[in-house]
Amino acid sequence: MDMKRSYYDDVRLFSSGVTVFWFVALMAFLFFYPFVFTNYYVYMANYIAINIIVVVGLNLLVGYTGQISLGHAGFYAIGAYATITLMTVAHFPFLAALVCAGLIAAVFGFLLGLPALRLEGPYLAIATLGFGLTITTVIGRIEMLGGRQGLHAPDLVIMGHHLTSDRQFYYLAVTITVLLVLLARNITKTKVGRAFIAIRDAHIAAETMGVNLVLYKTMAFALSAFYAGVAGGLYAFVLRFIEPELFNLFLSVFFLTMAVAGGLGSVMGPIAGAIVLSFLDLQLRNILSIPYIGDWLRDLSASYFSLTGVSNIQFVIFGSILIAIMLFEPLGLYGLWIRMKKYWKPWPF
Amino acid sequence: MTFFAVSGLTMAFGGLRAADDVSFEVVKGEIYAIIGPNGAGKTTIFNCINGIYPPTEGKIIFKDKNIRGHSPDRVAKAGIARTFQNIELFSNMNTMENIMLGRHLFMKTGLFRGALMWGKKSFAGKEEIENRRKVEEIIDLLELQSFRNKIVGALPYGIQKKIELGRALAAEPELLLLDEPCAGMNAEEKQDVVFWIKDIQDELGITILLIEHDMNMVMDISDRILVINFGRQIAEGRPDQVSVHPEVLKAYLGAEEEVDGQNQVSSSQKQA
């Protein structure tokens with residue numbers, strides 16, 4: 001039941017025993033996942049976990065504070081490069097390097113937040129876009145960071161354990177993801193999160209109620225960049241090799257697409273968006289190897305579109321998903337979930 | 001001690017003087033109303049007090065300190081809260097959370113303590129409970145219980161106005177600026193608002209600075225009234241003094257001589 005007995009129930013992490021049950025079930029599923037699925041799906045889970053971190057962070061900025069960013073690939077790149085460099089050059093242990101990389105990204109986020117104080121809508125989009133494009137160009141010119149050649153990730157050692165396989169990395173990535181998601185959820189329910197939403201919905205009223213716009217807007221940028229930075233650091237160890245070209249404009253757009261498809265302004269929505277779209281992103285790359293359908297698509301593309309077009313089919317699908325969401329359910333997958341819950345609530349009557 | 005005083009306040013938008021050398025003083029505990037025809041510059045004065053506009057000239061004294069040019073959040077911190085003529089609620093939050101934002105200045109939970117909220121005993125948890133209890137008192141006072149968990153964007157206009165009042169009260173201000181609290185309400189709702197404003201003055205001891213168009217209401221509850229027209233103040237005094245003041249009658253019922261054409265145009269632009 002939804003009966004509230006104390007004021008804390010409004011912000012409680014688990015609103016009822018049922019939620020606790022589902023949370024435990026989810027944790028158990030995550031724990032046994034690598035035992036059940038093949039290596040490829042474990043790799044996929046790592047990829048999804050990292051995208052969840054970015055998108056949850058991005059959502060704090062776009063969905064909650066109402067500031068758009070087309071430059072998150074830049075923070076992601078900063079996180080990836082900073083983690084590797086801190087480990088190889090300064091000999092930081094991995095976790096320390098990861099946190100520091102997140103903080104470095106946060107500093108850049110703070111700096112990008114300063115011009116954002118005076119920019120809104122499309123102008124902010126262009127400013128952040130410029131940042132995302134610039135950062136990879138700059139990185140590509142720095143010799144210490146491998147320039148255009150890229151960088152190899154060092155061995156990953158955590159408290160004496162060498163993590164060499166995707167399976168071992170999985171537990172690290174999932175732990176960090178669950179932790180960061182819980183922190184984000186708490187932030188959205190307390191003072192800072194309310195101030196973010198207030199800025200999004202009516203910034204003048206927020207200000208007259210005592211919300212310091214400069215502080216909270218830059219905080220949103222820094223926080224969001226921190227998440228992207230940590231995710232970037234993890235991503236470097238999923239790929240084991242990074243180069244500036246990886247962090248292109250499309251990646252920024254992909255992050256934003258996941259957030260929008262999942263549902264801006266909720267914590268669970270972007271997670272769903274990240275899972276579905278990351279899954280599609282990896283699966284659709286292999287669409288040509290599916291019997292019959294692959295051949296049919298190849299023929300279709302060769303006769304009507306282009307010879308090589310099918311290899312980029314995920315972009316076509318993402319585009320269609322975005323259009324469908326804007327048309328039918330602006331709240332994304334989360335909105336769909338809410339509707340389903342409402343529909344089934346009186347079941348079986 | 002000067003509780004609240006505005007002296008020589010001028011706000012110029014280019015050549016247009018939306019507020020022109022306005023001076024008045026509000027005594028602690030009273031209800032002070034600003035009236036005037038549409039576009040007279042009433043809301044501009046509020047925006048200057050709040051720090052939304054930087055005044056061109058003049059002083060705004062609050063508790064012996066000049067707060068002119070302070071940013072809106074600093075003005076709020078000093079103890080001035082307000083409501084808006086066109087409702088400015090956080091339309092995707094529920095009533096509780098909207099009013100909770102009024103508690104913003106009283107809460108110390110930052111990013112880290114908020115993120116690490118773990119259970120009722122944690123710092124953030126305790127603070128949430130304590131402030132939600134305070135908000136509940138305001139919800140009770142304004143009889144908003146049935147809208148407690150409703151998203152405010154979809155609520156009726158009158159209720160939204162009330163929630164905005166509640167949010168301002170949650171900030172526990174010493175001076176409350178009400179910008180047309182009765183706009184768009186029916187007679188019954190207006191009665192309620194008058195009642196609450198009286199309550200706020202009597203029971204909470206909050207000084208109220210008010211803008212209103214409804215003359216019956218203004219004459220009824222105000223201790224003193226300032227009348228402005230085209231940005232300039234034309235009269236000040238008790239309701240009975242103001243209601244017979246020749247300048248006021250001229251402004252409201254029409255002038256015998258021609259009013260300066262340029263002024264008329266510019267004041268209507270300002271309102272837009």
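Domain bounds here come from an automatic or database domain assignment. The model is predicted: local features need pLDDT of at least 70, side-chain atom pairs count only at pLDDT 80 or more, and totals for chains, interfaces and linings use all residues. Residues are numbered from 1 along each chain as its sequence is written, while chains are lettered from A and ligands numbered from 1 in the order in which they are written.

**Exercise 1. Find the domains of chain B and describe where they meet.**

Step 1. Start with the bounds: domain 1 covers 4-79 + 173-271, and domain 2 covers 92-167.

Step 2. Next, take the C-alpha centres of domain 1 and domain 2 of chain B, which lie 29 Å apart.

Step 3. Now list the contacts (C-beta atoms, placed from the backbone, within 7 Å). Seven residues of domain 1 of chain B touch six residues of domain 2 of chain B.

Step 4. On the domain 1 side, α2 (72-78) and α7 (187-203) of chain B are the elements that give two or more residues. Helices are DSSP runs of H or I with at least four residues, strands are E runs with at least two, and both are numbered from the N terminus.

Step 5. Sort that side by class: four nonpolar, one polar and two charged residues. Ala, Val, Leu, Ile, Met, Phe, Trp, Tyr, Cys and Pro count as nonpolar, Asp, Glu, Lys and Arg as charged, and the others, Gly among them, as polar.

**Exercise 2. Work out how α3 and α9 of chain A pack.**

Step 1. The axes of α3(A) (residues 72-88) and α9(A) (residues 213-239) come within 6 Å and cross at roughly 55°. Axes are lines fitted to C-alpha atoms, for helices over the stretch in contact, with angles from 0 to 180 degrees between N-to-C directions.

Step 2. The two helices are therefore oblique to each other; under 35 degrees would be roughly parallel, over 145 roughly antiparallel, 65 to 115 roughly perpendicular, and the rest is oblique.

Step 3. Look at the residues in contact: α3(A) contributes, among them, A:Phe75 and A:Ile84, and α9(A) contributes residues including A:Gly232 and A:Tyr235.

Step 4. By class, this contact has 12 nonpolar, six polar and no charged residues.

**Exercise 3. Describe how chain A meets chain B.**

Step 1. Count both sides: 28 residues come from chain A and 37 residues from chain B.

Step 2. On the chain A side, α7(A) gives the largest share, seven residues.

Step 3. That side divides into 16 nonpolar, seven polar and five charged residues.

Note on methods: Contact = placed C-beta atoms within 7 Å.
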